[in-house]
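Visitor: Please take one part of this model and look at it closely, with the terms spelled out as they come up.

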Amino acid sequence: MSEDASAGVGRFANFYGPQGRLVLVDSALEAVNRGSTTIGIKTPEFALISSHIKPTRTLIDPSEKIFAIDSHVGATGSGYIGDILQLIDELRVEAQRHRLTFENSIDVNSLAKHLGTFLHRYTIYAVRPQAASVIIAGIDQKGVQLYQVDPSGTFFGGSGFAIGQSSEVALTEIQREYSADMSVEQALKLSNKAIEKALGERPVVETGIVTIKEKEFRKIPQ
Amino acid sequence: MTTIVGIKTKEGVVLGSDKRASKGFFIGSKITQKIAKIDETLAIAIAGQLSDAEYLIKVAKAERKLMELRRGFPLDVKESTRLIANLAYSGLRNYQPYYVELLVAGVDQDGGHVFVADMSGAITNEDFAASGSGSPIAYGVLESVYNKDITNEKAKEIVSKAVAAAMERDPGSGNGIDVLAIPNLLVKEVSR
């Protein structure tokens, strides 16, 4: 008990702020909002994820931002890269666990739900919530899928997402130009444009795509 | 003991069984149900220890329902069979095997499927299969008359014939025949 007190935490952790908000989760979301601008666009034909790669020193390789989860799913994230990597691995393990149990590929909704559950656990104990939002793109029995999962454990499906730095600007741009019958090239252009608008400069991005024709997730070479 | 038979048809699947439950040289029951319907698209025929089979079926039923609620669409036939086989395999590895050989048969988006799942945890995908002490006799009938373009109606006849033949010569099988046909309502035409 006294150890807790000396650590400055007190007997009980203060989860809720005066407005009834979860302070730690809000802080995690705040951290995500400082992360690299990251986008997801979905049409019935394909889903595309794209993330800004922050420039590093010339001798340092930039870190990977688009991750293959399984052959049919890919993901990207915004926030602390260490946290993102942890969540990516959680997704990969869950995808393989499903294959072991059912001898079949996992559906994207189940993946998003699993990650939501995983993140939610960090909101009910006195621990640091993961400072990362993740966008998952994939294909399953129900077609092309796109999900966003937040540090609170919330997850939602949709056709256009933007997270990270100036994501509001990026999302507005996507909303303005999105159409369900757009081509892959148009979507690529749109995502680049949205990130450029958000950052005010021509960015280096990494992009991944899954299409209903190929049924496989792959990175798009720059 | 027992004879169970499963056939994949172009319209779905058909399962057949006898009704005898043996207790050594004694007929324990003459009205045993050896075909368990999991739902409208899946059924499992049982050979071996009834209690073990009932347990596996109970778990499979629950897991299937749970999975459908969670992800919004049901497990297909292979997924269901693998689920059961995983239980069987962990039983085997823990020196407490489930004494069963199951015919898992049903329909999904890809048409009809008949799988055999045994106590080792292995599964095989078959056009037709038989299990139990009467299976060598049933196989004799199946091998001679089965073809891929069979209808459910025709398959019902063959299944009855196969089980009937086994009941004639296998003392572990007898006391009548059960037949269950699962029509494929999910896909209009099964492509080959």
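**A strand and its partners**

Guide: Six of the seven residues of strand 9 (residues 205-211) of chain A are buried, so this strand is largely enclosed by the rest of the structure. A residue is buried if 20 or more other C-beta atoms, placed from the backbone, lie within 10 Å of its own; strands (E, at least two residues) are DSSP runs, numbered from the N terminus. The model is a predicted one, in which local features need pLDDT of at least 70 and side-chain atom pairs count only at pLDDT 80 or more, while totals for chains, interfaces and linings use all residues. Residues are numbered from 1 along each chain as its sequence is written, and chains are lettered from A and ligands numbered from 1 in the order in which they are written.

Strand 9 of chain A pairs with strand 2 (residues 46-52) of chain A, the two running antiparallel and joined by seven bridges, where pairing requires that DSSP finds at least two bridges between two strands. Within this pairing, Thr207(A) of strand 9 is the bridge partner of Ser50(A).

Strand 9 of chain A is also joined to strand 10 (residues 217-220) of chain A, again in antiparallel fashion, by four bridges, and here Gly208(A) has Lys219(A) of strand 10 as its bridge partner. Strands 9 and 10 of chain A form a hairpin with five residues between them, and in the turn Lys215(A) has a positive phi of about 60°.

Definitions and conventions. A residue is buried if 20 or more other C-beta atoms lie within 10 Å of its own, exposed if 12 or fewer, and partly exposed in between; C-beta atoms are placed from the backbone.
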